[in-house]
Amino acid sequence: MHKLSYKILFVFVISFCLSAHSQILRKRTTLLMGGRFDINIVAQDSLTAEQSINEIITEIIRIENLISDWKPDSQVSQVNQNAGIKPIKVDSEVFELTQRAIKLSEITKGGFDISFAAMDRIWKFDGSMTEMPSAEAIKKSVEKVGYKNIILDSVQSTIFLKLKGMKIGFGALGEGYATDKCRTMMITKGIQAGIINGSGDMSTWGKQPNGQPWKIGITNPFKPEKILAVVPLNQGAVTTSGSYEKFVVFNGKRYSHIINPATGYPATGLCSVTVFGPNAETANGLSTSLMVLGQKEGLLLLQKFTEYSCVMITDNGKVIKSKNFIYKL
């Protein structure tokens with residue numbers, strides 16, 4: 001569950017023509033939360049669009065300063081620094097995000113776990129590994145991982161990590177949460193349409209200036225010249241988890257850089273998972289979980305989330321879709 005190095009290519013089929021209402025589209029790309037954000041806003045005029053993009057960037061920075069475990073003064077870092085020592089009072093926003101993450105951990109039986117941040121990095125995906133870590137080393141690497149050792153107090157709004165050395169991190173949820181939050185903010189403000197894409201975790205709403213839905217193409221990383229499907233989105237979300245660039249092969253078996261936090265072993269079998277649904281935070285958590293759980297268990301998990309569908313690509317390039325994915329592949 002490390003931060004992903006590979007995202008399936010999303011092709012935006014965006015029209016820049018003006019509608020009868022003189023809507024315009026403005027786009028900006030920037031680095032936030034340790035990754036690339038592409039922000040597209042449709043508004044009545046350029047000034048409104050540019051101001052809205054500025055507001056989105058300000059909001060993402062606010063969220064980053066709140067939940068980023070690599071920023072030493074964030075609330076999440078304070079929780080980590082006090083692991084095994086004392087509970088830390090956090091804003092309701094951080095508390096509720098942690099609650100949702102723990103719920104997903106319970107549903108996936110630890111296949112997803114925000115305490116993965118404490119995992120020892122014994123797997124190397126830079127070409128330097130010549131043999132697998134020992135079973136003992138793998139077991140030891142996840143000793144401090146375990147969502148059941150996260151104690152929440154809803155009355156005091158505190159988070160306590162029971163074990164010294166424990167850590168929580170939102171690398172698998174944070175960008176999706178931020179794009180959802182900014183989408184809600186823009187809709188409340190009256191901005192008619194847009195796409196906020198945080199390193200492949202994407203929230204959309206409204207339509208293109210020509211009145212057409214946003215169209216998102218999915219490509220197969222093994223066949224980049226081929227589009228598997230073009231999915232029209234109005235208000236929705238799409239996220240991808242993948243391991244196309246970072247993996248190792250031992251005895252003919254491919255081991256992903258996405259680690260199962262319950263076992264310490266890398267995910268195998270799937271090269272990427274793309275999840276569609278109404279909410280990027282949930283889709284983000286699901287795409288990571290499905291990578292870890294694999295094809296069979298992943299599809300069973302997705303049945304509990306009826307508003308979400310997925311496309312999986314196996315290590316040998318086979319394309320699999322959930323039963324409720326309605327678009328032709």
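The labels first: helices (H or I, at least four residues) and strands (E, at least two) are DSSP runs, numbered from the N terminus. Everything here comes from a predicted model, where local features need pLDDT of at least 70 and side-chain atom pairs count only at pLDDT 80 or more, while totals for chains, interfaces and linings use all residues. Residues are numbered from 1 along each chain as its sequence is written, and side-chain values use heavy atoms, with hydrogens and water left out.

Back to E15. It runs antiparallel to E16, and three bridges join the two; strands pair if DSSP finds at least two bridges between them. The hairpin of E15 and E16 has four residues between the strands, and glycine 317 there takes a positive phi near 90°. E15 is also joined to E14, by six bridges and again antiparallel. On that side, serine 272 stands opposite isoleucine 313 of E15.

How many of the six residues of E15 are buried? Six of the six are, so E15 is largely enclosed by the rest of the structure. (Buried means under 20% relative accessible area, exposed means over 50%, and partly exposed is in between, using a 1.4 Å probe and protein chains only.) In a regular strand the side chains alternate between the two faces of the sheet. Here, Ser309, Val311 and Ile313 point one way from E15, while Cys310, Met312 and Thr314 point the other way, and all are buried.

## The eight-stranded sheet

E15 belongs to an open sheet of eight strands, in the order E2-E3-E7-E8-E11-E14-E15-E16, with antiparallel pairing. At the edges sit strand E2 (24-32) and strand E16 (319-321), each pairing on one side only. From one strand to the next, the twist averages 10°.

Look at strand E3 (residues 35-43) and strand E7 (residues 193-198): they pair in the antiparallel sense over six bridges. Contact means heavy atoms within 4.5 Å; axes are lines fitted to C-alpha atoms, for helices over the stretch in contact, and angles run from 0 to 180 degrees between N-to-C directions. Helix H7 (residues 295-302) packs on the sheet too, touching strand E14 (270-277), strand E15 (309-314) and E16, with its direction at about 175° to that of E15.

## Where H1 meets H5

Helix H1 (residues 46-67) packs against helix H5 (residues 174-189) at an angle of about 140°, and their axes are 10 Å apart. That makes H1 oblique to H5: angles under 35 degrees count as roughly parallel, over 145 as roughly antiparallel, 65 to 115 as roughly perpendicular, and the rest as oblique.

Among the residues making the contact are Ile56, Ile60 and Ile63 of H1, and Ala178, Met185 and Met186 of H5. The residues of the contact divide into nine nonpolar, four polar and five charged.

## A three-stranded sheet

There is also an open sheet of three strands, ordered E4-E6-E5 and paired antiparallel. Its edge strands are strand E4 (88-89) and strand E5 (150-153), each pairing on one side only. E4 and strand E6 (residues 158-161) are linked by two bridges, and lysine 89 has threonine 158 as its bridge partner in E6. Lying across E5 and E6 is helix H3 (residues 92-107), which runs at about 130° to E5.

## Three residues to look up

Serine 157, in the loop between E5 and E6, has a phi near 55°, a positive value in a residue other than glycine. Serine 157 counts as buried, at 13% relative accessibility. Serine 199 has a positive phi near 55° as well, and lies in the loop between E7 and strand E8 (201-205). Is serine 199 buried or partly exposed? With a relative accessible area of 22%, serine 199 is partly exposed.

Lastly, asparagine 284 lies in helix H6 (residues 280-293) and is buried, with a relative accessible area of 2%. Not counting residues up to four places away in sequence, asparagine 284 touches Ala172, Leu173, Gly176, Asp201, Thr239 and Ser241.

How values were computed: Nonpolar A, V, L, I, M, F, W, Y, C, P; charged D, E, K, R; others polar.
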